[in-house]
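Hi everyone, thanks for coming. Today I'd like to walk you through one protein chain, step by step. Please have a look at the picture first.

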Amino acid sequence: MKKLSLLLFFLLSAALLCASQQGLASWYTCDRPDALTANGEIFDSSALTAAHRDLTFGTLVRVTNSSNGKSIEVRINDRGPYVAGRIIDLTPEGARQLGFYEEGITPVTVEVISTPAQPESEYVRGEETGWYT
């Protein structure tokens, strides 16, 4: 059973490394200086981090703006977006670097670069931090 679990883990990790998604990116911010992300970190609008609905916290992804070809690498530390058709929420800095801060949304491709061997947070869902409750 242990060997089977390990094999499934490696297969799933390999599948995620090859995975890419296409859809809309948006950016978000917080109005409180002590706002927590879903993994328990304090939200930093100048960091290159992002919210994704289900990637493991600590996963590194490449986000490419389909409109202009600009690309950045961000670390997943939050959950979202919760708007239909959107696949990733970036910080304002991420949106600036991708060139869509003024527009608010843009079509993107999200590619997994690496997934952590162990999630960087004990939290799985946002409400576990106490911030979303």
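Predicted model: local features only at pLDDT ≥ 70, side-chain atom pairs only at ≥ 80, totals over all residues.

Residues are numbered from 1 along each chain as its sequence is written, and side-chain values use heavy atoms, with hydrogens and water left out.

Let's begin with the overall layout. The chain has two helices and six strands. Helices here are DSSP runs of H or I with at least four residues, strands are runs of E with at least two, and both are numbered from the N terminus.

How do the six strands come together? They make a closed barrel that runs 1-5-2-4-3-6, with mixed pairing. From one strand to the next, the twist averages 45°. For that angle, axes are lines fitted to C-alpha atoms, for helices over the stretch in contact, and angles run from 0 to 180 degrees between N-to-C directions. Two strands count as paired if DSSP finds at least two bridges between them.

Some totals next. The chain has 133 residues, and 38% of them count as buried. Buried means under 20% relative accessible area, exposed means over 50%, and partly exposed is in between, using a 1.4 Å probe and protein chains only. Among contacts with a separation of 6 or more, 76% are between residues 24 or more positions apart.

Let's zoom in on strand 3. Which strands does strand 3 pair with? One partner is strand 6: strand 3 covers residues 60-65, strand 6 covers residues 105-114, and they pair in the antiparallel sense over six bridges. Within this pairing, Thr64 stands opposite Thr109 in strand 6. The other one to look at is strand 4, which runs antiparallel to strand 3 and is joined to it by five bridges. Here Val63 stands opposite Ile72 in strand 4. Strands 3 and 4 form a hairpin with five residues between them, and Gly69 in the turn has a positive phi of about 80°.

Now find Asn65, which belongs to strand 3. Is Asn65 buried or exposed? Asn65 counts as buried, because its relative accessibility is 2%. Its side chain makes a polar contact with the side chain of Thr106, at 3.1 Å. A polar contact is a pair of N or O atoms within 3.5 Å; within protein, one must be able to donate a hydrogen and the other to accept it, and residues adjacent in sequence count only if both atoms are side-chain atoms. Leaving aside neighbours within four places in sequence, the contacts of Asn65 include Lys70, Leu98, Phe100 and Thr106.

On to charges. Side chains of opposite charge can pair when their charged atoms come close. We call it a salt bridge when a side-chain nitrogen of Lys or Arg is within 4 Å of a carboxyl oxygen of Asp or Glu.

First stop: Glu73 and Arg62 meet through their side chains, at 3.5 Å from N to O. Glu73 lies in strand 4 (residues 71-78) and Arg62 in strand 3, so this pair ties together parts that are eleven residues apart in sequence. Glu73 is partly exposed at 45% relative accessibility, and Arg62 is partly exposed at 30%.

Next, Arg32 and Asp34 form a salt bridge of 3.0 Å, N to O. Then comes Arg96 with Glu93, whose closest N and O atoms are 4.0 Å apart. Both lie in helix 2 (residues 92-98), three residues apart, about one turn of the helix.

Last stop: Pro116, in the segment after strand 6. Pro116 is partly exposed, with 21% relative accessibility. Which residues does Pro116 touch, leaving aside neighbours within four places in sequence? Its contacts are Thr56, Phe57, Gly58 and Thr59. Pro116 and Phe57 are 59 residues apart along the chain, and their C-alpha atoms are separated by 7.9 Å.

Terms used: Contact = heavy atoms within 4.5 Å.
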